[in-house]
Amino acid sequence: MSRIIIATHNAGKIKEFLPLLAPLGLTPVSAGELGLPEPEESAGDFAGNARLKAQAAARAAGLPALADDSGLSVAALGGAPGVHSARYAAGDYPAAFARILAAAQATSESRAWFTCALCFAAPDGATATYIGQAHGRVAPPQGDAGFGYDPIFIPDGYTQSYAELGAALKDKISHRARAFAQFAAAFRVTPFF
Ligand code: IMP
């Protein structure tokens with residue numbers, strides 16, 4: 001098994017990466033475990049922020065690293081909060097859900113989509129980035145699995161939220177799973193390390 005840093009301090013994301021990495025023979029080590037600092041997400045887009053996080057971790061620890069930058073875009077808010085999803089909630093998800101649902105109701109527009117940019121960085125700073133999206137709609141919160149905006153997001157083709165569908169299904173259909181599938185396909189052809 002080769003070690004790879006998961007450059008996030010978000011416990012929900014780390015949990016989702018574990019079952020994805022095992023089939024590739026990769027053992028995840030979290031940036032938190034290694035005491036790595038979290039760089040400021042100053043790039044302004046998902047891919048740029050994922051690259052900042054992955055490169056900072058790989059260079060600091062001398063190990064390959066994977067970082068994801070992700071978020072929920074709401075059509076009624078013109079695509080916000082998007083890259084600012086964590087800041088938009090500021091830890092109070094029920095309040096963020098209420099603001100999003102009020103905007104969706106006011107505009108009769110419930111479409112929403114998650115985006116995940118997943119960046120692999122080698123210790124020398126070389127990177128490869130993969131983007132995954134999942135489209136759906138926002139609806140009043142249901143379910144308690146998952147994290148973040150999971151309770152209000154119903155993916156297309158389903159009637160339940162990410163938080164009701166649970167980890168096993170989310171790991172197959174989510175924005176993160178889709179980005180990861182591209183990384184896994186590339187890694188299987190040419191293991192980067
Ligand atoms: P960051 O990528 O660490 O900047 O934060 C992404 C934020 O987007 C998270 O803190 C959540 O609020 C939200 N987010 C990203 N992916 C998911 C997901 O799979 N489910 C629910 N919320 C998510």
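User: Where does Pro 81 lie, and what kind of peptide bond joins Ala 80 and Pro 81?

Analyst: Pro 81 lies in the loop between S3 and H3; helices (H or I, at least four residues) and strands (E, at least two) are DSSP runs, numbered from the N terminus. The bond between Ala 80 and Pro 81 is cis, with omega about 0°. Most peptide bonds are trans. This is a predicted model, in which local features need pLDDT of at least 70 and side-chain atom pairs pLDDT 80 or more, while totals for chains, interfaces and linings use all residues. Numbering starts from 1 along each chain as its sequence is written, and side-chain values use heavy atoms, leaving out hydrogens and water.

User: Why is Lys 13 called buried?

Analyst: Lys 13, in helix H1 (residues 11-21), has a relative accessible area of 8%. Buried means under 20%, exposed over 50%, and partly exposed in between (1.4 Å probe, protein chains only), so Lys 13 is buried.

User: What makes the pair Lys 13 and Asp 68 a polar contact?

Analyst: The side chains of Lys 13 and Asp 68 are joined at 2.6 Å. A polar contact is a pair of N or O atoms within 3.5 Å; within protein, one must be able to donate a hydrogen and the other to accept it, and residues adjacent in sequence count only if both atoms are side-chain atoms. The pair therefore qualifies as a polar contact.

User: Which polar side-chain atoms lie by an oxygen atom of the ligand, and which by a nitrogen atom?

Analyst: One of Lys 13 lies 2.7 Å from a ligand oxygen, and one of His 175 lies 3.2 Å from a ligand oxygen. For Arg 176, the distance to a ligand nitrogen is 2.8 Å.

User: Which element gives the most to the shell around the ligand?

Analyst: S3 does, with four residues. Strand S3 (65-74), helix H3 (85-89) and helix H7 (175-189) each supply at least two.

User: Why is Ser 108 called exposed?

Analyst: Ser 108 has a relative accessible area of 71%, so it counts as exposed. This residue, in the loop between H4 and strand S4 (111-121), has a positive phi of about 50° and is not a glycine.
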